Amino acid sequence: MARLELLFSHGRRHFSAPKLPFLGFLRFFSSDSSTVIKPVSYSVKPQESSSSDAPSQTPAPQRESDSSSALPEATVPDSSSEQPIPRPWTRADARFVKDAPRISPVSYPTKVAPLPEDRTSEATEGGDDALKREAREIESNARVKSYFTVQAEEVIPFPTLIKQEKRPQKLPMDLGEAIREMKASTTTKKRNFLETVEAHVNLGVDPRRGDQMVRGALTLPHGSGKTVRVAVFAEGAAAEEAKAAGADIVGGDELIEEIKIGGGKINFDKCIATPMFMPRLSKIARILGPRGLMPNPKLGSVTSNVSIAVKEAKSGRIDFKIDKTAIVHVGLGKVNFSDEALRENIGAFVNALLLAKPVGLKKTSKYAGYVKNFTLSSTMGPGFPVSIQSLSVAADNYVKLQVK
């Protein structure tokens with residue numbers, strides 16, 4: 001019985017029910033009938049004035065504590081009462097209880113800055129006067145500045161297209177006058193070298209067509225003014241003739257090997273070969289071809305009469321060929337030549353140009369549709385256009401001289 005009584009005493013500590021009806025029945029069987037359990041009553045805690053601290057009117061849950069500690073219940077009824085009197089929850093109670101009901105946070109009214117329209121008329125009288133006074137000061141300062149300082153408005157022009165200034169085209173002139181103008185332009189600026197007289201002819205042919213290719217060679221009557229170094233590929237008697245005619249370099253297979261091993265180093269300006277050496281020159285064709293030195297039968301550089309070819313090359317034989325833009329560029333002498341010598345050289349070139357006219361170019365006249373324009377200039381000087389009539393006269397005079 002002592003153990004059962006100890007069990008019930010622990011149960012009384014952990015259960016906070018106001019009155020257990022079966023405890024009296026158990027005390028009847030207890031060995032110590034003199035022990036009487038008296039109910040304990042606590043004063044009711046006054047309710048707080050703030051309604052926000054009491055979110056709900058639910059009874060507080062029971063907490064485990066000793067008999068000496070205070071219970072979390074709002075009230076403990078006496079022996080005469082049957083039901084406990086609930087009280088509102090407090091924040092202190094909710095802080096120590098698990099799964100407590102949610103307490104809404106305290107909210108405060110938001111503060112809004114006063115706007116101009118919210119101000120009263122009495123409060124805005126002084127501010128409006130200050131604003132008006134400041135506006136009058138700004139206007140007066142602006143009037144003073146505009147009176148003493150004259151500011152011109154920036155005029156932005158309307159965007160227009162700027163026309164490109166075209167250089168005035170020079171009118172074609174007589175050949176004699178063009179030669180004199182060219183020489184005069186060379187005397188105004190001193191050069192460190194003797195300039196060459198160049199002719200640039202624009203032809204009315206299509207260089208993309210094989211039947212309209214223009215190329216040729218001629219010997220200038222007064223030479224080109226350049227020192228020409230001539231190389232001859234020949235053996236035996238032809239080699240001896242070339243040396244007697246004044247060839248600078250004469251050789252055979254040894255000369256071909258020297259050019260091939262030398263890596264393209266060439267010390268001559270013209271190349272002449274006999275027909276028997278043409279198959280052997282295929283070894284160095286990639287070296288001579290890009291430089292325009294490969295012998296060609298059409299240009300007279302492949303011949304058995306070596307002595308005449310060497311003399312013509314030394315006396316001023318030149319080659320000409322049309323480029324991709326249908327223009328022929330050629331040098332016809334030096335600026336220190338006389339006017340008559342330059343005229344004869346130009347006449348010889350125009351005659352050779354007419355002889356190289358393509359057969360497929362069907363025109364009624366010799367020059368119409370073939371020679372578009374002819375320009376004469378020095379190496380670093382301006383160009384002077386020459387009339388076709390004066391060129392025709394110079395070519396005819398050269399033919400007459402050759403007939404005589």
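## Exercises on a predicted model

The largest cavity has a volume of about 40 Å³. This is a predicted model, in which local features need pLDDT of at least 70 and side-chain atom pairs count only at pLDDT 80 or more, while totals for chains, interfaces and linings use all residues. Residues are numbered from 1 along each chain as its sequence is written, and side-chain values use heavy atoms, with hydrogens and water left out.

**Exercise 1.** Find which residues line the largest cavity, and sort them by class.

*Solution.* Begin with the term: on a 1 Å grid over the protein atoms alone, a cavity is a set of points where a 1.4 Å probe fits but cannot get out, and lining residues have an atom within 4 Å of a point. A search of the whole structure for cavities of 30 Å³ or more finds 1, where a volume is the space filled by probe spheres set on the points, and grid points are joined across faces, edges and corners. Next, list the lining, which consists of Val350, Leu353, Leu354, Tyr367, Val371, Phe374 and Leu391. Two or more of these residues come from each of the elements H10 and strand E8 (371–377), and H10 gives the most, with 3 residues. Helices (H or I, at least four residues) and strands (E, at least two) are DSSP runs, numbered from the N terminus. Last, sort the lining, which has 7 nonpolar, no polar and no charged residues; Ala, Val, Leu, Ile, Met, Phe, Trp, Tyr, Cys and Pro count as nonpolar, Asp, Glu, Lys and Arg as charged, and the others, Gly among them, as polar.

**Exercise 2.** Describe how helix H10 packs against helix H11.

*Solution.* First take the geometry: H10 (residues 339–355) and H11 (residues 388–403) pack at an angle of about 90 degrees, with their axes 8 Å apart. Axes are lines fitted to C-alpha atoms, for helices over the stretch in contact, and angles run from 0 to 180 degrees between N-to-C directions. H10 is therefore roughly perpendicular to H11, a term for 65 to 115 degrees. Then look at the contact (heavy atoms within 4.5 Å), in which residues of H10 including Arg343, Glu344 and Ile346 meet residues of H11 including Leu391, Ala394 and Tyr398. By class, this contact has 9 nonpolar, 2 polar and 2 charged residues.

**Exercise 3.** Decide whether Ala326 is buried or exposed, and state its phi.

*Solution.* Locate Ala326 in the loop between strand E6 (317–321) and strand E7 (327–334). With a relative accessible area of 7%, Ala326 is buried, which means under 20%, whereas exposed means over 50% and partly exposed lies in between (1.4 Å probe, protein chains only). Its phi is near 65 degrees, a positive value in a residue other than glycine.

Conventions: Angles under 35 degrees count as roughly parallel, over 145 as roughly antiparallel, 65 to 115 as roughly perpendicular and the rest as oblique. On a 1 Å grid over the protein atoms alone, a cavity is a set of points where a 1.4 Å probe fits but cannot get out, and a pocket is an open set with protein on both sides within 12 Å along at least five of seven lines; lining residues have an atom within 4 Å of a point.
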